[in-house]
There are 2 protein chains.
Amino acid sequence: MYSIGDLSRRTGVKIPTIRYYEQMGLIAAPERSEGNQRRYEKSELERLAFIRHARDLGLSIDSIRDLLALSQHPERPCGEADRIASEHLATVREKIARLKKLEQELERIVACDGNHTVGDCYVIRALADHSMCENEH
Amino acid sequence: MYSIGDLSRRTGVKIPTIRYYEQMGLIAAPERSEGNQRRYEKSELERLAFIRHARDLGLSIDSIRDLLALSQHPERPCGEADRIASEHLATVREKIARLKKLEQELERIVACDGNHTVGDCYVIRALADHSMCENEH
DNA sequence: TCTATTGCTCCAGAAGCTATAGGTTTGAGG
DNA sequence: CCTCAAACCTATAGCTTCTGGAGCAATAGA
Ligand SMILES: [Zn+2]
Ligand SMILES: [Zn+2]
Ligand SMILES: [Zn+2]
Ligand SMILES: [Zn+2]
């Protein structure tokens, strides 16, 4: 049996975050000690590590809840799990594409050398006028 | 004089968002009609377009507030504006780098063909075990 | 037994909006 | 002038994923 602090140390998930995950239904409400403190079994450690890893990879709480539910049924087909993962990959790729456009524009914008006045500053002028941009964003 | 709806149509910023920007101090509280409705001058149109463009480029409300304050002083040196922009560019680059790592891992993870069981699913196993990952994230 | 550490619940805040509820004003057509 | 729909008002809550604090209770080691 682990206390919430043990769990936190072993998984790197902060204590309030663990309680938050409980509230969000990612982990079950655990047994309590006589003094009402949470006492976890070893299996919760793995579950929490799974959650942490999935969060680190950017999956949403909702997706993780679904994946955890699926993982309770090892005999079922895994199409749904694969769908969640590849949809997330698509989302990540979209974000990258969008950020790259921003990067391009910002690269042009910051070409101002910083040695003149605000009135002449390319940063300020470029922000005031989107038509100076090379692509949509 | 423009109503808030006019301003919204011309800048593409939604009405509640304009009110929110007023509350956040990005635009000044405008004059009011006899019936207490907001009436804007033309200059607010440009200011709002500036804000919108800067938001589209991912700048924070705080940064935008600073940039707007700077732009009121065209005779001052522009080093601060340039610093804000290049710091933001650095942030964007960090995000891209991080997302690319995620993309790599997710690409490997979704290599599962979806035609077997959850128990054998690479997606599920990879999420359960970060040591299967090739880099930190 | 004493006390430092850890844990409890509840609540608020961060970022940048967005939506809803319940009411008032405006402006165009009749 | 009158009516009525559209637009506007304020205030508040919700979204997402945590994070931190207040105020108090339990636990564990010396
Ligand atoms: Zn400059
Ligand atoms: Zn632009
Ligand atoms: Zn699979
Ligand atoms: Zn990993």
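This is a predicted model: local features need pLDDT of at least 70, side-chain atom pairs count only at pLDDT 80 or more; totals for chains, interfaces and linings use all residues.
Biologist: Why are B:Arg9 and B:Asp6 said to be separated by about one helical turn?

Modeller: They are three residues apart in helix 1 (residues 4–11) of chain B. Helices here are DSSP runs (H or I, at least four residues), numbered from the N terminus.

Biologist: What makes B:Arg9 count as exposed or buried?

Modeller: Buried means under 20% relative accessible area, exposed over 50%, and partly exposed in between (1.4 Å probe, protein chains only). B:Arg9 has 64% relative accessibility and therefore counts as exposed, while B:Asp6, at 23%, is partly exposed.

Biologist: Which residue forms a salt bridge with A:Asp62, and how do you know?

Modeller: The partner is A:Arg65, and the closest N and O atoms are 2.4 Å apart. Both residues lie in helix 4 of chain A, three residues apart. A:Asp62 is partly exposed at 47% relative accessibility, and A:Arg65 is partly exposed at 31%.

Biologist: What makes B:Glu87 and B:Arg83 a salt bridge?

Modeller: Their closest N and O atoms are 2.7 Å apart. The two residues are four residues apart in helix 5 of chain B, about one turn of the helix. In chain A, A:Glu80, A:Arg83 and A:Glu87 are linked in a network of salt bridges. Over all chains, the structure holds 20 salt bridges.

Biologist: How do you know where A:Glu105 stands, buried or exposed?

Modeller: Its relative accessible area is 1%, so A:Glu105 is buried. This residue is found in helix 5 of chain A, and its side chain reaches the backbone nitrogen of A:Asn135 at 3.0 Å. A polar contact is a pair of N or O atoms within 3.5 Å; within protein, one must be able to donate a hydrogen and the other to accept it, and residues adjacent in sequence count only if both atoms are side-chain atoms.

Biologist: What joins the side chains of B:Arg108 and B:Glu105?

Modeller: A polar contact of 2.7 Å joins them. B:Arg108 is found in helix 5 (residues 79–109) of chain B. Contact in general means heavy atoms within 4.5 Å. Leaving aside neighbours within four places in sequence, B:Arg108 is in contact with B:Tyr122, B:Met132, B:Cys133 and B:Glu134.

Biologist: Why are the two copies described as related by a two-fold rotation axis?

Modeller: Chain A can be laid on chain B with an RMSD of 0.1 Å by a turn of 180° and a shift of 0.0 Å along the axis. The copies are thus related as by a two-fold rotation axis. Superposition is by least squares on the C-alpha atoms of residues with pLDDT of at least 70 in both copies. In chain A, A:Ile96 comes closest to the axis, at 3.0 Å (C-alpha).

Biologist: How much area is buried between chain A and chain B?

Modeller: About 4300 Å² is buried, and carbon and sulfur atoms give 75% of it. Buried area is the accessible area (1.4 Å probe) that two parts lose on being put together, summed over both.

Biologist: How many salt bridges does the rule find across the interface of chain A and chain B?

Modeller: The rule finds four. B:Glu103 forms a salt bridge with A:Arg93, the closest N and O atoms being 3.0 Å apart.

Biologist: Which residues have the most contacts inside the largest nonpolar core?

Modeller: They are A:Leu67 and B:Leu67, in a core of 80 residues. A nonpolar core is a set of buried Ala, Val, Leu, Ile, Met, Phe, Trp, Tyr and Cys residues joined through side-chain atoms within 4.5 Å. Beyond its neighbours within four places in sequence, B:Leu67 is in contact with residues including A:Ile124, A:Leu127 and B:Phe50.

Definitions and conventions. Residues are numbered from 1 along each chain as its sequence is written. Chains are lettered from A and ligands numbered from 1 in the order in which they are written. Side-chain values use heavy atoms; hydrogens and water are left out. A salt bridge is a side-chain nitrogen of Lys or Arg within 4 Å of a carboxyl oxygen of Asp or Glu.
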